[in-house]
Amino acid sequence: MKIAIVGTGYVGLVSGACFAEMGAMVTCVDIDKNKIDGLHKGVIPIYEPGLKELVDRNVSAGRLCFTTSLEECLNDVEAVFCAVGTPPDDDGSADLTAVKSVARTFGKNINRFNVLVTKSTVPVGTAEVIRGIVREELARRGSDVEFEIASNPEFLKEGAAIKDFMSPDRVVIGVEGERSRKVMERLYRPFLLSNFRVIFMDIPSAEMTKYAANAMLATRISFINDIANLCELTGADVNMVRKGIGSDARIGSKFLYPGCGYGGSCFPKDVKALMHTGLEHGYRMKVIEAVEAVNEEQKNIVGRKLKKALGTLAGKRIAVWGLAFKPETDDMRLAPSLTVIDYILSEGATVCVYDPIAMDECRRRLGDKVEYARDMYEAAVDADAVAMMTEWKVFRLPSWSAIKRVMRGNVIVDGRNIYNAPELAAEGLDYYCIGKK
């Protein structure tokens with residue numbers, strides 16, 4: 001089976017490589033010529049564990065190829081997946097410019113039945129917009145070629161995207177007709193054979209499912225952070241509270257880890273887009289509004305703890321461990337580390353950073369505003385405090401005696417609650433975490 005996937009970001013490239021691994025013939029399309037030239041040379045434009053090996057293997061097998069022209073491959077494929085970006089506009093709505101462009105190209109060039117599948121995260125109702133664009137382009141050239149729209153939202157976690165794709169909790173597919181359903185059934189047959197759940201539904205429900213899922217996970221994060229902040233004020237220990245409520249089968253423990261807020265390309269954008277969709281329909285998403293407000297405030301918590309512990313940040317030197325919004329990625333989009341660094345710098349301190357993967361991305365974003373260390377220990381040299389922002393494995397078991405020797409001060413602010421307070425206290429370090437006095 002031959003398919004095309006437009007967009008070679010996290011969703012498009014991972015999906016393309018994984019579909020190829022399952023035996024499909026996949027053409028990945030991107031208008032960025034530098035990206036495509038790099039992929040032809042084996043250069044992967046994103047960091048995702050295992051992705052390069054997967055891409056290389058399927059390119060060598062002839063199942064995966066790359067081009068800048070959707071027109072060239074359009075009539076050789078049975079389905080076109082739209083996996084382009086939908087960044088937030090100033091009002092919080094999803095920018096559908098790239099999605100609409102794919103639809104126009106699709107409508108201008110199809111000469112036989114084809115399915116246009118939205119894999120990008122798009123608001124409810126986008127399928128109708130896309131359908132209208134394709135029909136408009138067909139009408140302009142006097143064509144009556146049949147087509148159908150489908151929705152196949154992704155639920156991939158950066159850092160575990162390949163595993164999530166190959167062993168999914170569920171695959172959600174919205175279809176409008178029997179022909180598109182049969183195409184999608186053929187494509188996902190390997191998953192059906194493996195007894196993974198493939199859930200067919202109407203397109204608006206599929207579009208909403210993606211937003212509802214991310215909003216629910218964001219809600220759990222903001223909820224436990226709200227509880228953590230109250231725990232600090234009352235003397236409770238949020239780690240004990242988390243275990244207590246997480247043991248309830250109705251609640252569970254996932255996404256109930258207190259910290260310095262969520263970031264990345266999905267949760268912040270999708271929460272805003274869901275609120276905007278509500279307003280477009282005359283409805284306020286009050287719970288989701290609170291989720292966003294709590295998260296924005298939580299991103300400041302590490303900065304406030306640093307200032308409280310040190311009295312002032314003016315003239316201080318702060319080491320920041322971790323820059324990516326989560327481990328196993330170099331993605332710094334809306335990362336809490338950026339909020340903390342901005343705050344520290346605005347208070348007159350200097351910052352030295354270290355991240356196992358995201359250093360180049362930080363240089364691209366911050367340039368010479370901060371200093372760059374070769375490892376976590378070098379970052380701590382002459383530091384008055386260390387702020388741990390991303391729970392990479394390399395940060396889990398530092399030598400605290402070595403850290404204490406190279407630091408000028410003795411303050412450790414743990415934005416992810418991964419350290420043991422008595423262990424740090426034994427080394428003469430003042431430890432501050434989230435949700436515990």
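This section describes strands, helices, a cavity and a pocket in a predicted model. Residues are numbered from 1 along each chain as its sequence is written, and side-chain values use heavy atoms, with hydrogens and water left out. In this predicted model, local features need pLDDT of at least 70 and side-chain atom pairs count only at pLDDT 80 or more, whereas totals for chains, interfaces and linings use all residues.

Helices (H or I, at least four residues) and strands (E, at least two) are DSSP runs, numbered from the N terminus. Two strands pair if DSSP finds at least two bridges between them. An open sheet of six strands, with parallel pairing, has the order 11-10-9-12-13-14. Strand 11 (371-372) and strand 14 (430-432) are the edge strands, each pairing on one side only. Within this sheet, strand 9 and strand 10 pair in the parallel sense over five bridges, and Arg317 stands opposite Thr350 in strand 10. Strand 12 (residues 385-388) runs parallel to strand 13 (residues 411-414) and is joined to strand 13 by four bridges; here Ala387 stands opposite Val413.

Burial was assigned from relative accessible area (buried under 20%, exposed over 50%, partly exposed in between; 1.4 Å probe, protein chains only). Strand 9 is mostly covered, with five of its five residues buried. Arg317, Ala319 and Trp321 are buried on one side of strand 9, and Ile318 and Val320 are buried on the other.

Contact means heavy atoms within 4.5 Å; axes are lines fitted to C-alpha atoms, for helices over the stretch in contact, and angles run from 0 to 180 degrees between N-to-C directions. Helix 14 (residues 301-310) lies across strand 9 (317-321), strand 12, strand 13 and strand 14, and runs at about 160 degrees to strand 13. Helix 15 (residues 336-346) lies across strand 9 and strand 10 (350-354), at about 155 degrees to strand 10.

Strand 1 runs parallel to strand 2 (residues 25-29), and five bridges join the two. In this pair, Ile5 stands opposite Cys28 in strand 2.

The expected span of a helix is 1.5 Å times one less than its number of residues. Helix 1 (residues 10-21) has 12 residues and reaches 16 Å from its first C-alpha to its last, close to the 16 Å expected. Helix 1 is largely enclosed by the rest of the structure, because 11 of its 12 residues are buried. Among them are Tyr10, Leu13, Cys18 and Phe19. Just after helix 1, Gly23 takes a positive phi of about 110 degrees.

Helix 12 (residues 267-280) has 14 residues and should span 20 Å, which agrees with the 20 Å between its end C-alpha atoms. Helix 12 is also largely enclosed by the rest of the structure, since 11 of its 14 residues are buried. The buried residues of helix 12 include Phe267, Lys269, Asp270, Met275 and His276. Helix 10 (203-234) and helix 13 (286-298) are included in what covers these buried residues. Gly282, which follows helix 12, has a positive phi near 75 degrees.

Thr121 is placed in the loop between strand 5 (114-118) and helix 6 (126-140). Its relative accessibility is 9%, so Thr121 counts as buried. Not counting residues up to four places away in sequence, Thr121 touches Thr86, Glu154, Lys210, Tyr211, Lys269 and Asp270.

Cavities and pockets were found on a 1 Å grid over the protein atoms alone: a cavity is a set of points where a 1.4 Å probe fits but cannot get out, a pocket is an open set with protein on both sides within 12 Å along at least five of seven lines, and lining residues have an atom within 4 Å of a point. Grid points are joined across faces, edges and corners, and a volume is the space filled by probe spheres set on the points. The count comes to one cavity of 30 Å³ or more. The largest cavity has a volume of about 40 Å³, and its lining includes Thr118, Thr121, Ser151, Glu207 and Lys210. Helix 10 gives the most to this lining, with three residues.

The second largest pocket holds about 1,000 Å³ of space. Helix 1, helix 4 (70-73) and helix 5 (97-109) are the elements that give two or more residues to its lining. The largest share, four residues, comes from helix 5. Of the 41 lining residues, Gly7, Ala83, Val84, Gly85 and Thr86 lie nearest the centre of the second largest pocket.
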